[in-house]
Amino acid sequence: MTDAPLQAVAKPERPASPWRAIWSQFRTHKGAVFGLVILTLLVLAVVIGPYLWNPEKLTVAKAMAVRNRPPSLQFPLGTDQLGRDMLQRMMQAGKVSLAVGFVAMAIAIVFGTFVGVVAGYYKRLDGPLMRLTDMFLALPLIPLLLVMVMLFRDRIASVMGPELGAFTLIVFAIGITSWMQAARVVRGEVLALKEREYVLAARSIGAAPHRIILRHILPNVVSPVMVAATLGVAEAIITESVLSFLGLGFPPDFPTWGRLLFDGLQYMQLYPERVIWPGLAISLTVLSVNYIGDGLRDALDPRIRGR
Amino acid sequence: MLTFTLRRLLIAIPTLLFISLVIFLLVDLAPGSPLSEIPLTVPPEVRQKMMAALGADQPVFVRYLLWLRQFFIVEPAYLLDGWFGTDLAGDQQRILSWQSRAPVFTVIGQRLPQTLTVIGTAYLVGVLIALPIGIYSAYRQYSAFDQLGTLFAMIGFSVPTFFSGTLFIIIFAVWLGWFPTKYDTQLQVTDWASFLEQLRQMALPVMTLGLANAAVISRYMRSSMLENMTQDYVRTARAKGMSERTVVLKHVLRNSLIPVVTVIALGIPSIFGGAIITENLFGVNGIGAALILAINASDLPMVQTLAFIFAVLIVLFNLIADVLYGLLDPRIRYD
């Protein structure tokens, strides 16, 4: 008879995991959920899509016969001026566009977090590193990126091949010119965190700086970094498509959405859909990523969460 | 305030030197630079002469200093000569464009008015749209208007100008035929008809850039208004029995505009960057189009100069924004 209440005491309710709390807050943000759904669909479409939609490769003569077709059952998005299936090209291009966005963001975030942590933790390096960040912020990015692509494209292409070369160059160029925001955010957080008692406690028992940073500081800067990373993906995708749009991005046989839009521009008056599809894809991706970033910002902020 | 301004000016100098060094080295060390393009069949002594003629046999820092001298001393001297008819520059070497053989600054001077007319109008229109939207969204927070404004801003953030511009061309120029698809640089405004024509051809680029800018600025205006709406002085003003109009448009708006003004100042250089896309899309013959033309023609002096001018603009407007902030907000005194 006395069993039941005792058991209830012995089995206390597990504290809610912080990730669950974050997720439940994230779910209340309608835009963020919408963004997550759209982005997941887009990623699935470009990753799994090519396996589901794999039209036979047309010979040149056959392709010439089906140039500029309107959407049909055989070509759901029509064909381009060389008789290539637009749906297939959109999926290939999307894969590259999204890959550029994620890889460039990863480079920027890793570098930015590193600079931010070092500047925030070591007082001596703070001044110089932040001056460097300010200087990078004053660089005219688009002109500089265009110059970098113009000057290094052919040389890198001759070493790594045109496709991998263009990818490496553009990802690297975008990465090293967009780490500044992350560095600033992380530095601010680290400056506040390193004065906390638990860091003091760790230091007083003789923990080495690298251990304090890895174990006590980095886990606490994860949330601002995640927000910066989401917004960084959107930024990188837009920057890449600007480069491609100006004709200084990826080669036409290895397209991105920006490149498809650039190729479609000449046929804009006759076949506007060739511009609209890639443009819509870029806009939707960026819009959903921005909404996700918005939702994450709210969800990761414990002051807003639970209200 | 004066000391602060002077100090900021002094900090701007190393920043500009760093940027100029980055731009110089990037172009100078690049494998695609013209000196690496000299064919191998050219005999060594001729190659040596070619390098000497281009000044390329000097060490890097000498070339860098010479380039700086051209940029900061020789070119301004020519500018002053042009204005006042003096002869400061003598016949020193100017920065010459490789594609046209004309001085780079002459080309820029010819193209700058186009950029300023179109891009400047676009920014102005953007600000004029953004401010009322921001004010009203904040005044009626979470109303239908505010939700709509938020959606508008999110779309404005996310749709890149090259796509919105293309859409506008397809809708308004191709389907509806209201506006021309391309900007006619040759058009001279002489009478009423040509002025209307100018307005019509400016409409699409101005709309494209203006909407993108309006999205950003309206967000700042809204959040700044929201911050001020809950302040004590607003309650005081209401308690004194002032009309809602006076409270919002005088007391709150004035204080809310302070950060927005700096944001507007900070945005000016970035619109020159964004203008590269719009100018190319609509065929406006401005400096953004000049940059792309120069890049496609491997015209390095032009590219270097334009990139550096963009950097100068960024640093300059950062400085202006900082000083403006101090001037407008008496709580912020840097010294």
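**Figure 1. The largest nonpolar core of the predicted model.** This core has 147 residues, and among them I170(A), V303(B), L306(B) and A311(B) touch the most other members. Helix α6 of chain A gives the most to this core, with 17 residues. The model shown here and in the views that follow is predicted.

**Figure 2. Surroundings of I170(A).** I170(A) is one of the residues that touch the most other members of the largest nonpolar core. Leaving aside residues up to four places away in sequence, I170(A) touches V100(A), V149(A), E240(A), L243(A) and G249(A).

**Figure 3. Crossing of helices α6 and α14 in chain A.** Helix α6(A) spans residues 86-121 and helix α14(A) spans residues 257-265. Their axes come within 7 Å and cross at roughly 135°. An angle from 65 to 115 degrees would count as roughly perpendicular and one over 145 as roughly antiparallel, so α6(A) and α14(A) are oblique to each other. On the side of α6(A), the contact is made by R89(A), M90(A), A93(A), G94(A) and S97(A). On the side of α14(A), W257(A), R259(A) and L260(A) take part. By type, the residues of this contact divide into 4 nonpolar, 2 polar and 2 charged.

**Figure 4. The contact between chain A and chain B.** Chain A puts 35 residues into the contact and chain B puts in 36 residues. On the side of chain A, the elements that give two or more residues are α7 (123-137), α8 (141-160), α13 (222-245), α14 and α15 (273-300). Of these, α8(A) gives the most, with 12 residues. The residues of chain A that touch chain B divide into 27 nonpolar, 5 polar and 3 charged.

**Figure 5. A144(B) in helix α5 of chain B.** Helix α5 of chain B covers residues 144-158, and A144(B) lies in this helix.

Figure 6. Helix α6(B) runs over residues 161-175 and has 15 residues. From its first C-alpha to its last, α6(B) reaches 20 Å, close to the 21 Å expected at 1.5 Å a residue. Its buried residues are T161(B), F162(B), F163(B), S164(B), G165(B), T166(B), F168(B) and I169(B). Just after α6(B), the residue G177(B) takes a positive phi of about 70°.

Technical notes:
Residues are numbered from 1 along each chain as its sequence is written. Chains are lettered from A and ligands numbered from 1 in the order in which they are written. This is a predicted model: local features need pLDDT of at least 70, side-chain atom pairs count only at pLDDT 80 or more; totals for chains, interfaces and linings use all residues. Axes are lines fitted to C-alpha atoms, for helices over the stretch in contact, and angles run from 0 to 180 degrees between N-to-C directions. Helices (H or I, at least four residues) and strands (E, at least two) are DSSP runs, numbered from the N terminus. Angles under 35 degrees count as roughly parallel, over 145 as roughly antiparallel, 65 to 115 as roughly perpendicular and the rest as oblique. Two residues are in contact if their C-beta atoms, placed from the backbone, lie within 7 Å. Ala, Val, Leu, Ile, Met, Phe, Trp, Tyr, Cys and Pro count as nonpolar, Asp, Glu, Lys and Arg as charged, and the others, Gly among them, as polar. A nonpolar core is a set of buried Ala, Val, Leu, Ile, Met, Phe, Trp, Tyr and Cys residues joined through C-beta atoms within 7 Å. A residue is buried if 20 or more other C-beta atoms lie within 10 Å of its own, exposed if 12 or fewer, and partly exposed in between; C-beta atoms are placed from the backbone. The expected span of a helix is 1.5 Å times one less than its number of residues.
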